[in-house]
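These entries record what I looked up, item by item, for a reader new to the structure. I begin with a term and then turn to the chains.

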Amino acid sequence: MKTFKVLYNQNKLYSEITTEASYTDQRSELSLRAVFNGSETYKIGKRTVVVFPGNFLILNEGTSYDRDIYSNSIANTFAIFFSEKFLRDFQYGFSSSDQNLLDEPIDCEIIQRSTFLETIYPCKGDIKYNLAHLLDHFHENSDDLLLDDYIYHALLLFYRLYYKEVLNKSKRLDALNASTRDELFKRLSLAKDFMLSNYNLDISLEDISAHSCLSPTHLFRTFKQIYSCSPHQYLIQIRLDNARHMLKSTDYTLNEIVNLVGFTCPSTFIKLFKNRFHFTPGTYRNHVA
Amino acid sequence: MNSGVINVKPLYLNEPKMALDFLVEKLGFVVHDDPVSKNPNGVMVADNCGNFYEVFSNTRKSANDQNGHSLVVNTTDCLHDFYNMATDRLNILNKPHYVPEGLVFEVLDPWGNRYSFLEKRDYTD
């Protein structure tokens with residue numbers, strides 16, 4: 001099932017619920033693409049990015065891509081397309097109001113931006129609530145002005161996230177100059193995206209290294225500077241977060257989840273889960289989720 | 001753990017009959033017929049998160065507090081409530097903004113009482 005709406009100000013909303021779909025040679029406006037169930041695969045140039053629940057992808061205006069959904073369970077995908085005028089008004093609103101700048105201390109550098117790092121961002125906290133409400137109201141065919149309020153907040157929250165996840169984190173790199181730092185951060189984002197897209201597979205540091213065009217040693221050292229953990233520890237976190245999502249929102253058995261998120265040994269999984277969330281997976285499913 | 005006890009907040013209002021209409025028609029409260037309250041002078045209302053409030057006449061309130069009360073009302077969808085109240089042209093004191101507990105905006109009733117509509121969010125997830 002596909003639902004599409006163009007709002008009065010040319011912002012667009014798109015939702016698709018399906019197990020199989022394929023779209024080639026697509027061209028985007030600035031858009032935010034989230035998945036609430038299942039997964040969605042994007043091919044952007046030579047890069048393949050898979051969006052799972054708990055993440056979203058940003059595509060800039062003019063980016064060409066292919067989009068595929070092949071999912072065992074029904075995939076529930078959602079996208080916001082920001083119109084150029086809306087972006088301009090948003091940026092003007094911020095840069096012209098001292099009150100706004102005081103209330104929402106977002107770095108002015110972001111406000112001037114119209115292109116962003118095309119990477120996977122965490123869909124957690126306020127932006128997760130915002131997108132879930134927006135999707136509900138979209139399906140209820142709510143008034144454009146109400147939908148627009150949510151879109152405004154989605155953009156606001158994305159700007160905040162961009163400041164935190166990209167601008168702030170890239171400053172942690174001990175690179176010599178800004179352009180080297182930007183390039184290094186882009187490659188580390190490729191490493192992160194590769195892990196987020198393939199966490200359920202048996203991937204090694206060498207695989208991650210090859211996909212990010214960084215030597216294993218360089219990757220290991222600089223990844224730690226940005227994410228405060230090694231690539232392997234980051235991969236474990238992704239697997240545990242996805243396992244938690246599955247415990248909460250699916251009926252898969254524990255053994256199925258262990259396999260689905262890329263662990264091989266159930267007892268190791270249980271130990272790691274307990275260390276991270278302070279509950280065993282069983283307790284989490286029965287009493288917390 | 002749910003102990004089965006319903007926590008009811010008292011709500012002292014001037015002109016409680018009119019204020020009650022305002023709570024129901026403008027702020028989205030629901031009157032509860034179920035007589036949970038033992039006090040026959042109060043009227044039970046609930047917000048959309050299932051929190052209960054008992055509305056009393058303001059004569060019971062302390063004499064030195066005449067400037068209207070301030071109440072935090074829980075909501076499941078702050079932006080939606082804001083949109084509805086803005087459409088109804090209520091006296092909104094500030095737009096929805098983010099606080100450590102979630103998303104909140106404030107509205108004033110015609111009697112000077114201040115309501116903070118708070119959508120509590122779990123940031124540990």
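**Entry 1. A term for helix pairs.** Before reading any crossing, I noted that a helix axis is a line fitted to the C-alpha atoms over the stretch in contact, and that angles between N-to-C directions run from 0 to 180 degrees. I also noted that the model is predicted.

**Entry 2. Two helices of chain A.** I looked up helix H9 (residues 231–249) and helix H12 (residues 281–288) of chain A, whose axes come within 9 Å and cross at roughly 40°. H9(A) is therefore oblique to H12(A). The reason lies in the cut-offs: angles under 35 degrees count as roughly parallel, and 65 to 115 as roughly perpendicular. As to handedness, I recorded that the crossing of H9(A) past H12(A) is right-handed.

Which residues make this contact? On H9(A) I found Ala243(A), Arg244(A) and Leu247(A), and on H12(A) I found Pro281(A), Tyr284(A) and Arg285(A). Sorted by class, the contact of H9(A) with H12(A) holds four nonpolar and two charged residues, with no polar ones.

**Entry 3. Strand S3 of chain A and its partners.** I next followed strand S3 (residues 31–37) of chain A. S3(A) pairs with strand S6 (residues 55–59) of chain A in the antiparallel sense, over four bridges. I noted two positions in this pairing: Ser31(A) stands opposite Leu59(A), and Arg33(A) stands opposite Leu57(A).

S3(A) is also joined to strand S7 (residues 64–81) of chain A, by six bridges, and the two run antiparallel. There, Ala34(A) has Phe78(A) of S7(A) as its bridge partner.

**Entry 4. Strand S6 of chain A.** I then stayed with S6(A) and looked for its further pairing. Three bridges join S6(A) to strand S8 (residues 120–122) of chain A, again in an antiparallel run. In this pairing Asn55(A) is set opposite Pro122(A) in S8(A).

Are the residues of S6(A) buried or exposed? I found S6(A) mostly covered, with five of its five residues buried. In a regular strand the side chains alternate between the two faces of the sheet.

Entry 5. I looked for residues other than glycine with a positive phi and noted two. Gln10(A) has a phi of about 75°. Gln10(A) sits in the loop between strand S1 (2–6) and strand S2 (12–27) of chain A. Because Gln10(A) has 13 C-beta neighbours inside 10 Å, it counts as partly exposed.

Asp25(A) has a positive phi of about 50°. Asp25(A) belongs to strand S2 of chain A. Asp25(A) counts as exposed, because 7 C-beta neighbours lie inside 10 Å.

**Entry 6. Chain B in outline.** Along the sequence, chain B reads β-α-β-β-β-β-α-β-β-β. Chain B has 125 residues, of which 25% count as buried. Among contacts in chain B with a separation of 6 or more, 50% come from residues 24 or more positions apart.

**Entry 7. A sheet in chain B.** In what order do the four strands of the open sheet lie? I read the order as S1-S4-S3-S2 (chain B), with mixed pairing. Strand S1 (8–13) and strand S2 (30–31) of chain B are the edge strands, each pairing on one side only.

Within this sheet I looked up strand S3 (residues 43–46) and strand S4 (residues 52–57) of chain B, which are joined by four bridges and run antiparallel. Met44(B) faces Glu54(B) in S4(B) across this pairing. Helix H1 (residues 16–25) of chain B lies across S1, S2, S3 and S4 of chain B, and runs at about 155° to S4(B).

**Entry 8. Where the chains touch.** Last, I examined the two chains together: 10 residues of chain A are in contact with nine residues of chain B. On the chain A side, helix H4 (126–139) and helix H5 (144–170) each supply at least two residues. H5(A) gives the most to that side, with four residues. By class, the side of chain A that touches chain B comprises three nonpolar, three polar and four charged residues.

Methods
Residues numbered from 1 in each chain as written. Chains lettered and ligands numbered in written order. Predicted model: local features only at pLDDT ≥ 70, side-chain atom pairs only at ≥ 80, totals over all residues. Contact = placed C-beta atoms within 7 Å. Nonpolar A, V, L, I, M, F, W, Y, C, P; charged D, E, K, R; others polar. Parallel < 35°, antiparallel > 145°, perpendicular 65-115°, else oblique. Left-handed = near helix turned anticlockwise from the far one by under 90°. Pairing = 2+ DSSP bridges. Buried ≥ 20, exposed ≤ 12 C-beta atoms within 10 Å, placed from the backbone.
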